[in-house]
Amino acid sequence: MAVRVVAAAPLLALVVTSAQQPPPPSVRYEQHVFAGGNPPPAGTLENPLAGDKRAAADGEKLFSAFNCDGCHALGAVGGQGPSLADGRWRYGGADGAIFQSIYYGRPRGMPAFGGVLPPEAIWRLVTYLQTLTPATDPATVSW
Amino acid sequence: MIASTLLVVILAQSATPDQWTMPAKDYSATRYSALAQINASNVRRLRATWSFSTGVLAGHEGQPLVVNQTMYVVTPYPNVLYAFDLTQEGYPLRWKYRPNVDAVAIGMACCDVVNRGAFFADGKIVYNLLDGHTVAIDAATGKQVWNTQVADIRQGESTPMAPLVVRDRVIVGTAGGEYGVRGWVKGLDLATGRILWTAYNAGPDAEVLARPETFKPFYDTGPSLGEKTWPPDGWKHGGAPVWGWLSYDPALDLFYYGTGNPAPYNAEQRPGDNKWATSVLARRPADGALVWAYQFTPADNWDYDSVQEMILADLKVKGRTRKVLVHFDKNGFAYTIDRATGEVLVAEPYVVVNWAKRVDLKTGRPEVDPAKLTGASRGSVKDICPTLEGGKNQQPAAYSPRTGLFYVPTNNMCMDYQTTPTTYIVGTPFIGLNAPYKPGPGGNLGALIAWNAAAGKQVWAIREKYPVWSGALATAGGLVFYGTLDGWFKAVDAKTGSALWKFKVGSGVVGNPITFTGPDGKQHLAVYAGIGGDWALLAGDVRSDDPADVRPPLSVMPDIARHTSLGGIVWLFAL
């Protein structure tokens with residue numbers, strides 16, 4: 001059992017074991033370079049909850065309940081893991097790219113949550129992250 | 001007989017002032033060098049003689065080794081080991097060793113992907129890879145002699161600390177207090193890397209290696225304190241990691257180390273003292289047997305790890321010469337402890353402290369201010385001093401037997417502390433905390449202080465704008481060296497603290513200076529530049545290596561990025 005409940009976390013009710021969940025379809029990373037200019041044939045993932053305020057609020061709770069804030073900090077402004085609130089994305093900011101980062105993890109330390117969070121919950125996290133508004137001019141720091 | 005012969009060899013080796021063979025110069029962890037060619041009257045002529053980019057941008061904690069005219073440098077992840085030939089012009093590499101380190105480790109290191117250095121023993125350079133492996137590399141050829149997995153990175157165990165080698169034992173520990181690990185130290189065979197014993201810092205006596213016939217703590221009594229001072233099973237993910245410095249007393253045959261915070265940060269999830277988190281433990285190197293232990297911060301409410309170095313000295317305390325260890329805890333108290341028994345002789349604040357009024361020397365326990373207790377039900381508890389960064393973090397102090405003073409890099413910051421209930425999920429952080437910092441009284445965020453550990457009194461202080469995150473070096477030349485986060489490497493007078501010399505090294509200093517005699521017969525100094533080692537230090541635009549990661553500045557030092565950016569450089573200095 002991968003999740004051991006030490007404290008009561010009501011949002012765990014959202015969680016079912018991943019065995020019952022179909023894996024997400026293969027997706028194309030739109031930000032990659034396509035050799036020959038030809039995108040590989042593959043599907044795209046779209047956030048079914050895009051813009052849903054209640055889903056975003058749930059996502060914010062999940063962000064703490066699943067310890068995302070332990071690395072990315074409160075408000076996802078960056079800690080040990082990169083900022084997710086600056087409007088910039090190491091692995092792509094499209095719906096499917098963020099989903100896949102959470103579901104499958106990333107090689108520089110991002111754990112794969114697809115085994116403990118169903119796609120429904122991951123979409124709530126994606127919805128939350130997409131509501132975060134970057135500072136007006138993150139590119140320039142002056143003193 | 002064989003053991004005692006080896007002991008003589010080891011002592012002779014560490015006593016050589018010309019070389020630097022272990023992290024803290026000697027087993028006593030003094031970071032004191034008997035070299036005196038560079039002194040208070042000529043240090044103004046000190047100049048940079050050489051520099052080398054390590055090619056790595058993370059925080060460069062730790063220090064080089066210098067053995068047999070070769071300087072050894074371990075980088076942060078990916079833990080490259082460089083061997084520089086000091087006999088050739090420009091100090092070209094004899095060899096370099098590039099281990100295959102699992103990138104997963106980047107996500108399992110709470111506080112930057114640092115490495116705190118290597119240990120030279122028996123012709124081998126022994127050090128830890130961040131992903132939970134200890135390696136021994138032939139110092140002459142760069143060939144790997146052995147590579148042992150000691151920690152499980154996928155359980156949140158990582159290994160940034162520097163090993164200690166005693167006779168034929170390599171002693172290593174695990175980090176991961178922010179991942180709910182169950183902290184331990186292990187003893188490996190120096191020849192083969194085989195793990196010979198494992199000693200947990202919490203849990204049943206049998207696994208803590210606390211045997212009734214050998215374990216005699218000064219203050220505590222009763223069996224299985226490492227289990228009974230936790231809620232049921234709490235110790236299984238209770239932290240108490242080992243990511244700092246180890247020291248060793250050959251006469252007592254004890255090694256000493258401190259343990260980190262109990263997990264998670266919300267103390268209401270782990271009622272009890274949580275032994276032996278936030279403690280000092282004294283063990284036998286041969287079999288790991290626990291001989292005594294003392295907990296600095298029972299039921300830690302503030303992330304006050306105790307992994308800071310234990311410096312061994314013989315001091316006259318209250319009229320009597322005592323074999324002591326001196327420890328500057330994150331909790332803000334400086335402790336002078338009888339290192340044979342664990343009795344606390346002196347415990348006085350070395351920075352501004354308000355979470356406790358004093359330490360009761362009869363019981364060894366702090367008198368905690370109940371208004372500063374934290375926990376999820378208490379919300380944000382305001383104005384706690386010091387912060388979870390500590391009165392001092394891992395950056396090691398130095399001790400000069402000539403002046404009798406300890407030279408301590410310190411932080412001057414306070415915090416608000418709000419914890420939340422947290423669920424343990426393997427492979428993710430087990431923290432639950434929001435703790436903004438603010439400057440401590442006076443407004444300066446740090447200072448280098450000189451400390452009289454027999455009296456428990458500060459002798460002088462040099463205020464610094466930023467937290468002092470480098471280690472200190474004391475020399476027989478009457479000097480103390482240290483670096484600053486805004487990128488200065490400085491020399492001051494050991495008696496008075498007067499500023500004598502400084503040089504801008506290109507990035508903030510979080511490493512520890514060392515000194516040695518080169519093949520040219522001259523005294524050299526070495527230090528790393530390369531800010532990092534804690535996410536707070538990397539806030540704002542200090543980190544410029546990732547276009548997809550732009551962060552707001554840290555409120556207490558919004559302008560740090562005006563003075564420094566990432567970058568690992570090894571510097572050498574000589575007259």
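Four strands of chain B form an open, antiparallel sheet in the order S15-S16-S17-S18. Strands here are DSSP runs of E with at least two residues, helices are runs of H or I with at least four, and both are numbered from the N terminus. Two strands pair if DSSP finds at least two bridges between them. This is a predicted model, in which local features need pLDDT of at least 70, side-chain atom pairs count only at pLDDT 80 or more, and totals for chains, interfaces and linings use all residues. Residues are numbered from 1 along each chain as its sequence is written, while chains are lettered from A and ligands numbered from 1 in the order in which they are written.

**The four-strand sheet of chain B**

- The edge strands are S15 (246–249) and S18 of chain B, and each pairs on one side only.
- Neighbouring strands of this sheet are turned by 20 degrees against each other on average, direction ignored. Axes for such angles are lines fitted to C-alpha atoms, for helices over the stretch in contact, and angles run from 0 to 180 degrees between N-to-C directions.
- Strand S16 (residues 254–258) of chain B runs antiparallel to S17(B), and four bridges join them. Tyr257(B) faces Leu281(B) of S17(B) as its opposite residue.
- Strand S17 (residues 279–283) of chain B is joined to S18(B) by five bridges, again antiparallel. Here Ala282(B) stands opposite Trp292(B).
- Six residues lie between the strands in the hairpin of S17(B) and S18(B), where Gly288(B) has a positive phi near 80 degrees.
- Strand S18 (residues 290–295) of chain B is mostly covered, with six of its six residues buried. Buried means that 20 or more other C-beta atoms, placed from the backbone, lie within 10 Å of the residue's own; exposed means 12 or fewer, and partly exposed is in between.

**The five-strand sheet of chain B**

- Five strands form another open sheet, in the order S1-S33-S34-S35-S36 (chain B), with mixed pairing.
- Its edge strands are S1 (32–33) and S36 (499–504) of chain B, each pairing on one side only.
- Two bridges join S33 (residues 473–475) to S34 (residues 479–483) of chain B, and these strands run antiparallel. Ala474(B) has Val480(B) in S34(B) as its bridge partner.

**The helices of chain A**

- Chain A has four helices and zero strands.
- Of its 143 residues, 38% count as buried.
- Helix H1 (residues 53–65) of chain A has 13 residues and should span 18 Å at 1.5 Å a residue; its end C-alpha atoms are 18 Å apart, so the two agree. The expected span is 1.5 Å times one less than the number of residues.
- The buried residues of H1(A) include Leu62(A) and Phe63(A). The buried residues of H1(A) pack against H2 (68–72) and H4 (119–131) of chain A.
- After H1(A) comes Asn67(A), with a positive phi near 65 degrees.
- H4(A) also has 13 residues, and reaches 19 Å from its first C-alpha to its last, close to the 18 Å expected.
- Among the buried residues of H4(A) are Trp123(A) and Tyr128(A). Their cover includes H1 and H3 (95–104) of chain A.

**Where the chains meet**

- In all, 35 residues of chain A are in contact with 34 residues of chain B. Contact means that the C-beta atoms of two residues, placed from the backbone, lie within 7 Å.
- On the side of chain A that touches chain B, H1 and H2 of chain A are the elements that give two or more residues.
- The residues of that side divide into 22 nonpolar, eight polar and five charged. Nonpolar covers Ala, Val, Leu, Ile, Met, Phe, Trp, Tyr, Cys and Pro; charged covers Asp, Glu, Lys and Arg; the others, Gly among them, are polar.
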